[in-house]
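Welcome! Here is a short tour of one structure, with its charged pairs and one of its sheets as the stops.

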Amino acid sequence: MTTGGKLVDPVTQEIIEGKLMATVDEMGIVMARTSMSPVIYEVLDFACGLLTADGELVAQMNGITLFTGTFGVQVKALIEKFTGNLADGDILLSNDPYAGGTHACDFAIVKPLFVNGEILAYAINVAHYLDVGGSVPGSLAPDATSVFQEGLRLPGVKIVRADVFSDEILHIVSENVRLPEIALGDLNAQVATVRVAGRRMAELAARYGASVVQAAFANLLNASETRSRTAIAALPDGRYEATDIIDGDGVSQEPIHVKVAVTIAGDSITIDFTGCPPAVAGPINCARGALQSAVRTIVKAMVGPQDPSNEGWFRPLTVIAPPGTIFTAQKPSPTGWYYEGSVHASELVWKALAPLMPSRFSAGSYSSLCVVYISGRDRSGQPFIHIEPQHGGWGASEHRDGAGALIALTDGDTYNYSVEVIEARFPLRVKRYGFNVEGGAGAGRRRGGFGIVREYEILGTDASAYGSFGRTATQPWGMDGGGQGTVNALQIAPCTGRSCSHLWPRCSYRTQQGRCVARHHRRRRRVGRRRRARATAYRARPAQRLSD
């Protein structure tokens with residue numbers, strides 16, 4: 001293998017690629033073991049990666065899907081901002097959704113990795129923080145109409161200079177978040193991971209030379225590009241379209257119609273979101289970086305789902321989207337619940353491509369991450385914030401039933417909370433946790449997956465809850481005549497009774513004595529593969545209780 005005149009033998013290439021993967025995995029282990037937020041060390045709501053000196057991703061750990069696709073965009077934005085102003089020992093921080101990021105709660109820590117005075121690579125860690133200020137605990141107000149209601153933004157600052165933390169930035173962070181000790185602990189953990197990456201890349205360069213490592217980067221990207229183009233070229237050329245509906249934005253329950261056109265021509269693919277509505281008032285908008293990541297998730301599933309991801313896989317991809325839409329929001333549009341908007345971008349592309357690969361792309365899923373925030377004070381009077389994404393049912397495919405209780409498309413390799421951790425860490429009691437099997441298996445030769453029921457009782461005081469549930473009105477879509485699935489629901493019920501009232505799909509609620517909040521993933525029975533099959537309605541009972 002040669003790149004720029006530098007020969008890299010196949011054995012060395014394989015060793016370097018293995019070292020890259022080992023490094024990002026080590027970064028992930030360090031993060032999980034040293035962070036202070038349960039959403040990080042239990043759910044694994046973070047991701048780590050390595051990029052070239054030009055900001056092209058070469059290795060990533062298995063982590064949050066939507067983070068890894070933004071790595072290159074965020075690092076390139078920081079390179080542009082700090083060109084000529086970076087030194088060995090500097091570490092950067094950014095949580096700007098309009099500069100390649102996602103939302104303010106996701107802190108990106110980026111370290112330029114120097115070898116012999118030159119930048120060899122960049123290490124990045126993006127993690128979700130429990131709170132970054134803003135109008136509500138957890139910072140994701142479901143009715144936010146401006147990014148200024150969503151907490152502290154630090155759009156590209158030096159958090160570390162010459163390996164010394166900036167006291168001024170640390171002070172700004174600690175004075176603007178509700179849980180400063182946890183936030184600073186997570187920040188320390190992130191910094192530790194990129195320092196680990198720096199040591200490992202220095203070892204690699206010392207053994208093989210920086211020029212050989214750079215050549216190996218280029219070989220890796222070129223090889224992935226070739227495989228991606230080969231996979232795309234094997235698909236029939238054509239234009240494939242899909243439409244869908246987003247069920248409200250948190251401010252309004254009006255349906256939002258979105259669409260996509262996917263064009264395959266030879267060994268390239270173009271995905272066009274032209275015609276989607278402008279950014280909405282509520283916080284389900286996503287910015288361009290998150291859109292790019294959402295699209296890449298689906299393309300990767302098509303061209304090489306089992307292979308490690310890097311920038312090369314996406315060189316045949318072009319994403320077209322006018323600025324200022326629900327998928328390309330600009331300041332000051334709120335983006336707190338960006339993953340609710342971006343998952344619809346992913347699902348649109350999935351839906352358009354599903355007829356091409358019915359054995360790989362299933363019918364529609366419960367889609368929404370269905371996150372609920374519960375906050376208040378525990379028995380000792382200390383504040384707590386609990387974040388929990390929910391699992392649900394996925395659609396059937398050509399040869400198998402849909403997966404049950406699986407994390408949403410946006411979240412990737414993350415875990416659910418165990419009952420034991422929830423009850424030990426928070427003033428909550430889990431009353432019920434299981435499959436939502438009411439209503440039968442649905443119509444069609446292959447049934448859709450089962451969702452879950454999660455029922456809580458709140459034991460703390462001064463408690464409140466809010467959440468964002470998509471697919472509360474528009475059912476998951478079927479394929480090849482299969483029926484639709486059932487919808488998600490968030491409910492409130494008195495602790496002593498069975499009756500309950502439905503909340504808005506995206507809303508907040510302050511608990512009262514003797515009442516509880518019930519979250520319910522109604523089971524999706526969707527997709528069979530038989531023509532004229534259709535799902536039947538059923539009556540769902542309340543689930544997930546939270547009471548004070």
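Glu203 is partly exposed, with a relative accessible area of 39% (partly exposed lies between buried, under 20%, and exposed, over 50%, using a 1.4 Å probe and protein chains only). The model is predicted, so local features need pLDDT of at least 70 and side-chain atom pairs pLDDT 80 or more, while totals for chains, interfaces and linings use all residues. Residues are numbered from 1 along each chain as its sequence is written, and side-chain values use heavy atoms, leaving out hydrogens and water.

**Salt bridges**
- The structure holds 19 salt bridges (a side-chain nitrogen of Lys or Arg within 4 Å of a carboxyl oxygen of Asp or Glu).
- Glu203 joins Lys19 in one of them, at 3.4 Å from N to O.
- Arg454 and Glu388 meet in a salt bridge at 2.4 Å, N to O.
- Glu388 is buried at 1%, and Arg454 also counts as buried at 1%.

- Seven strands form an open sheet in the order 4-3-7-6-5-8-9, with antiparallel pairing (strands pair if DSSP finds at least two bridges between them).
- Strand 4 (57-60) and strand 9 (164-165) stand at the edges with a single partner strand each, so one side of each has no neighbour in the sheet.

Key:
Helix = DSSP H or I, 4+ residues; strand = E, 2+ residues; numbered from the N terminus.
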